Amino acid sequence: MGPIEALWITVVVMFVFIGIARGYDKELGSTIVILVALLLFSLFGDKLEELLRSLFGRFTSSSDTVNLLTMLVFQGIFIAIVVAGYAGVTLQYPGTPPAGCSGMTLNAFFGGVNGILVAGTLWYYLDHFGYPLAFIDATQLSAFALKVPAYLPPTWPSTVLFLWLALLIILRVRR
């Protein structure tokens with residue numbers, strides 16, 4: 001296992017602990033926000049990337065710099081949306097979470113799902129823009145790290161993201 005896999009696992013584990021602390025009812029609300037961000041990137045990401053490349057290309061002729069800046073904007077927007085989804089008053093599902101081990105397991109599961117969505121999206125953009133950070137040598141990545149980006153959340157079809165989002169919203173508004 002290489003450093004990028006360790007970082008990815010660490011981020012997912014952090015979200016598991018956040019999920020345990022917050023409860024699945026609040027984590028599902030954050031999942032909706034994350035899915036909206038993924039859906040927006042799925043629908044408008046190519047146009048945003050083209051716009052950013054054109055804009056940054058005016059200031060530098062280095063494709064590495066353009067890739068780095070474009071990646072930072074994508075990741076920055078995504079992180080800002082995720083933080084907004086976790087901060088302050090959040091969308092919360094009705095009901096009382098189960099007590100004991102089953103409740104903790106449910107909380108950890110949905111925290112882990114959010115962790116996979118967040119860490120996977122950040123990793124995807126690292127890969128998509130060719131690992132433009134100086135301290136990441138893409139030639140040293142493990143075979144696993146080279147295969148994983150093809151399965152990360154931003155590669156999922158927008159219909160899958162939309163259906164998952166619709167299901168969560170329906171579950172939220174049902175009585």
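I take buried to mean under 20% relative accessible area, exposed over 50%, and partly exposed in between, with a 1.4 Å probe and protein chains only. The model is predicted, so I keep local features at pLDDT of at least 70 and side-chain atom pairs at pLDDT 80 or more, while totals for chains, interfaces and linings use all residues. Residues are numbered from 1 along each chain as its sequence is written, and side-chain values use heavy atoms, without hydrogens and water.

I looked up Phe44 first. Phe44 is partly exposed, at a relative accessible area of 48%, and sits in helix H2 (residues 24-57). My helices are DSSP runs (H or I, at least four residues), numbered from the N terminus. Together with Val36, Leu40 and Leu43, Phe44 makes a nonpolar surface patch of about 350 Å². For a patch I require residues with over 30% relative accessible area and no salt bridge, nonpolar side chains (Val, Leu, Ile, Met, Phe, Trp, Tyr) being joined within 5 Å and like charges within 9 Å. The areas come from the Shrake-Rupley method with a 1.4 Å probe, and for residues only the protein chains shown count as cover.

**Entry: salt bridges**

How many salt bridges does the structure hold? I find two, counting a side-chain nitrogen of Lys or Arg within 4 Å of a carboxyl oxygen of Asp or Glu. One joins Glu27 to Arg22, with 3.0 Å between the closest N and O atoms. Glu27 is buried at 0% relative accessibility, and Arg22 is buried at 19%.

The side chains of Glu49 and Arg53 form a salt bridge as well, at 3.0 Å from N to O. Glu49 and Arg53 are four residues apart in helix H2, so about one helical turn separates them. Glu49 counts as buried at 13%, whereas Arg53 is partly exposed at 30%.

**Entry: H1 against H4**

Two packed helices are described by the angle between their axes and the distance between the axes. I looked up both for helix H1 (residues 3-22) and helix H4 (residues 100-128): the axes come within 7 Å and cross at roughly 145°. The axes are lines fitted to C-alpha atoms over the stretch in contact, and angles run from 0 to 180 degrees between N-to-C directions. The contact of H1 with H4 has 14 nonpolar, seven polar and one charged residues. In this count Ala, Val, Leu, Ile, Met, Phe, Trp, Tyr, Cys and Pro are nonpolar, Asp, Glu, Lys and Arg are charged, and the others, Gly among them, are polar.

**Entry: Tyr131**

Most residues other than glycine have a negative phi. Tyr131 is not a glycine, yet has a positive phi of about 45°. Tyr131 lies in the loop between H4 and H5 and counts as buried at 7% relative accessibility.

Where is Thr155 placed? I find Thr155 in the loop between helix H5 (143-147) and helix H6 (158-173), partly exposed at 32%. Thr155 and Ser30 are 125 residues apart in sequence and 20 Å apart in space, C-alpha to C-alpha.

Ile169 is in helix H6 and is partly exposed at 39%. From Ile169 to Pro153 I note 16 residues in sequence and 19 Å in space, C-alpha to C-alpha.

How values were computed. Helix = DSSP H or I, 4+ residues; strand = E, 2+ residues; numbered from the N terminus.
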